[in-house]
Amino acid sequence: MNKIWLSFAAVAALSWPAWGQKVEVQKPSRDQILHVQTALNHLTVLEMTEPVSAVAVGSPAFKVEWRENRVFIEPTEPEVATNLFVWTTSGRFNYELDPAGAVPQMDFAIDQPVADPPKISASAKRAGERADPSPADILIATKPIRLLGPNSRKNRVAVYLTDLLEHDGQVLIRYSIRNGTNEAYVPGAPQVVALKAPQYRESLYTLKRSQLGSDETHRVKSSGEAPIEVAKCESHSSRIEPGQETTAIVAIKLPREHGEPAVIRLVFLGSPNGPVSATLVL
């Protein structure tokens, strides 16, 4: 029954017109007693800044209930004054409930002021927070990918890796796919693998952030492939018409134990004229 009353009281307190009543913001403390003016057949609400754990009222002439951080006060008899204590995690707050008076002079609600959030210095923000990069930061941090050797062949689908960005443990790679065939091509999201113990005719360190062209790709030797998790892939178009191209971005998560430089391969659905892939030295 108390829950029903409290629910009804809360709705009523928010919907009744204020007319002459007062809505005040007061900052009580343990060494202060705040006077509360009430009126018969009317509620006064004390709204605290934190949940109420207990209340105590000195006279049954006042009906006092609480829910969460709100205390509801209703006088039931005239010409009776008493005291009220409210406890929260911050301590005890003291109130004097004045005898029920005229409605225009009553306290409709008494709110505790909300404390300003603590100010965080710029150095603390830099040390404790990781802000999202701005578009300018992303553009500056993006690194171009150079192409080593020819990559296009007549009547084939070709993939061109354009640039990459390393951020928050992921590598974002932007690429374009050109359809040089006579049929529409649907590449889908690529599968990404890392070549195990890759070997090339020259040092791979000098080829970091390079895409190996179709001829150079065949010159890379390895002991196998290991799958790499694809976090996300977005494309401007899922279907590429003959003679057209589309751009896309794939985000991958490289394992922490991967060697440097790493050689990865993006593998797409095969076209009618053969397999479609792109090899990148990271």
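This is a predicted model: local features need pLDDT of at least 70, side-chain atom pairs count only at pLDDT 80 or more; totals for chains, interfaces and linings use all residues.
How many helices and strands does the protein have? I counted through the assignment and got 4 helices and 19 strands.

**Overall numbers**

I looked up burial next. Of the 282 residues, 38% count as buried. For the surface, I noted that the protein exposes about 16900 Å², with carbon and sulfur atoms supplying 53% of that area. Then I checked contacts with a separation of 6 or more: residues 24 or more positions apart account for 66% of them.

**The 4-strand sheet**

I traced an open sheet of 4 strands and wrote its order down as β2-β8-β7-β4, with mixed pairing. Its edge strands are β2 (33-36) and β4 (52-57), and each of them pairs on one side only.

Next I followed β4 to its partner. β4 and strand β7 (residues 82-88) run antiparallel and are joined by 5 bridges.

**Asparagine 94**

I stopped at asparagine 94, which is found in strand β8 (residues 91-97). Is asparagine 94 buried or exposed? Its relative accessible area is 8%, under the 20% cut-off, so I put asparagine 94 down as buried. I then asked what its side chain touches, and found a polar contact with the side chain of arginine 92 at 2.8 Å.

**The 10-strand sheet**

The other sheet I traced is open too, with 10 strands in the order β10-β12-β13-β17-β16-β14-β18-β19-β15-β11 and mixed pairing.

I reminded myself of the background: strands of a sheet pair through backbone hydrogen bonds, either parallel or antiparallel.

I went through some of the pairings in this sheet:

- Strand β13 (residues 170-179) and strand β17 (residues 245-253) pair in the antiparallel sense over 8 bridges. In this pairing I found leucine 172 opposite alanine 251 in β17.
- Strand β14 (residues 191-195) and strand β16 (residues 225-235) run antiparallel, with 4 bridges between them. Here the bridge partner of valine 193 is proline 227 in β16.
- β14 is also joined to strand β18 (residues 263-271) by 4 bridges, again antiparallel. Glutamine 191 stands opposite valine 267 in β18.

Last, I looked at backbone angles. Most residues other than glycine have a negative phi, so I wrote down two residues that go the other way.

Glutamate 68 has a phi near 55 degrees, a positive value in a residue other than glycine. It lies in the loop between β5 (62-67) and β6 (70-75). With a relative accessible area of 56%, glutamate 68 is exposed, the cut-off for that being over 50%.

Asparagine 155 also has a positive phi, near 60 degrees. I found asparagine 155 in the loop between β11 and β12 (157-167). Its relative accessibility is 37%, so I logged asparagine 155 as partly exposed.

Key. Residues are numbered from 1 along each chain as its sequence is written. Side-chain values use heavy atoms; hydrogens and water are left out. Two strands pair if DSSP finds at least two bridges between them. Helices (H or I, at least four residues) and strands (E, at least two) are DSSP runs, numbered from the N terminus. Buried means under 20% relative accessible area, exposed over 50%, partly exposed in between (1.4 Å probe, protein chains only). A polar contact is a pair of N or O atoms within 3.5 Å; within protein, one must be able to donate a hydrogen and the other to accept it, and residues adjacent in sequence count only if both atoms are side-chain atoms. Contact means heavy atoms within 4.5 Å. Accessible areas come from the Shrake-Rupley method with a 1.4 Å probe; for residues, only the protein chains shown count as cover.
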